[in-house]
Amino acid sequence: MQDEVVRLIVDQRASLLTAIAGASGTDWDLPTVCAPWTVKDVLAHMVEGELNVGRIYRGEVREQGYIDPEEGIAKWRALPGEAVRAALWQHGTAAQRVLDAMTEDVWRAPIKAFGCREIRQLVRLHLFDIAVHGHDLTDALGADAIWGPALPFLTEFVVRAAPPTLARRGLEPSGSLLVSVDGKRWLIDSSEGSWRVVHEAAADEGEASLETDPETLALLTTGRGDREQLFQRAVMSRNSQIGQRILEAWRVV
């Protein structure tokens, strides 16, 4: 798992930099789904992300409280977009060097940062952020999406994140949703009084059932895309009221 996630991070970053290599001029001011952030703002947010995780990977800090994203982005607004793009390459490369050399002990080292308790959890969050915000940029620029290789990881990530997300958003434990993606099934269940994920669930489990593809699930659970169009690419069956209730609260970001 470690090698796979680390490889996906470098591949996603490289693919994104290639996809936005031609951005210039007014492209940097285009709106994104992360309103009111522009393309350059989202890019700056990603640079700050590389800086912050890099410090933790290198052991400079082990605990990190809340960081205001607006403060981080503000530091880059006076610079041209081309400079921010170069900074993503520079600081991303620095973080990647540490990732590539990371030992098993460091991989499992304890931390308290961004909701993560171990370095390995932060590395997965790092990949998630690069993939999702990379999609925000390509979408705003009208470029082809580049997160294809990371979609299986994203499916697993958002499913595992469902219980804490539903609890954080205040959804009372009630009901269950079977999620089917590319032949794999998970049950998001509340029968034991709190939200949990049952892996390798049976096809007949769940009060509601959602069958879709990896990209649609990623977009639905991160608040991206047009929901009406996305639901045309998904099949909700059994008790759709319960399914919609769970899906509406299942917003990882």
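Here are my entries, one topic at a time.

**Ground rules.** I'm working with a predicted model, where local features need pLDDT of at least 70, side-chain atom pairs count only at pLDDT 80 or more, and totals for chains, interfaces and linings use all residues. Residues are numbered from 1 along each chain as its sequence is written, and side-chain values use heavy atoms, with hydrogens and water left out.

**The sheet.** I looked up the strands and found three in an open sheet, ordered β1-β2-β3, with mixed pairing. Helices (H or I, at least four residues) and strands (E, at least two) are DSSP runs, numbered from the N terminus. Two strands pair if DSSP finds at least two bridges between them. β1 (63–64) and β3 (116–118) are the edge strands, each pairing on one side only. β2 (residues 110–113) runs antiparallel to β3, and two bridges join them. Across from Ala-113 I found Cys-116 of β3. Helix α6 (residues 119–141) packs on this sheet and touches β2 and β3 (contact means heavy atoms within 4.5 Å). Its direction makes about 130° with that of β3; axes are lines fitted to C-alpha atoms, for helices over the stretch in contact, and angles run from 0 to 180 degrees between N-to-C directions.

**The hairpin.** Next I checked β5 (residues 184–189) and β6 (residues 196–199), which pair antiparallel over four bridges. Leu-187 has Val-198 in β6 as its bridge partner. Six residues lie between the strands of this hairpin, and Gly-193 there takes a positive phi near 90°.

**Two helices crossing.** How do the axes of α7 and α9 cross? Helix α7 (residues 151–160) and helix α9 (residues 214–222) have axes that come within 9 Å and cross at roughly 45°. That makes α7 oblique to α9, since angles under 35 degrees count as roughly parallel, over 145 as roughly antiparallel, 65 to 115 as roughly perpendicular and the rest as oblique. On the α7 side the contact uses Leu-151, Thr-155, Val-158 and Val-159, and on the α9 side Pro-214, Glu-215, Leu-217, Ala-218 and Thr-221.

**Salt bridges.** I noted 16 salt bridges in the structure, each a side-chain nitrogen of Lys or Arg within 4 Å of a carboxyl oxygen of Asp or Glu. One of them joins Arg-77 to Asp-41, with the closest N and O atoms 3.0 Å apart. Arg-77 is in the loop between α3 (69–74) and α4 (81–100) while Asp-41 is in helix α2 (residues 39–57), so the pair ties together parts 36 residues apart in sequence.
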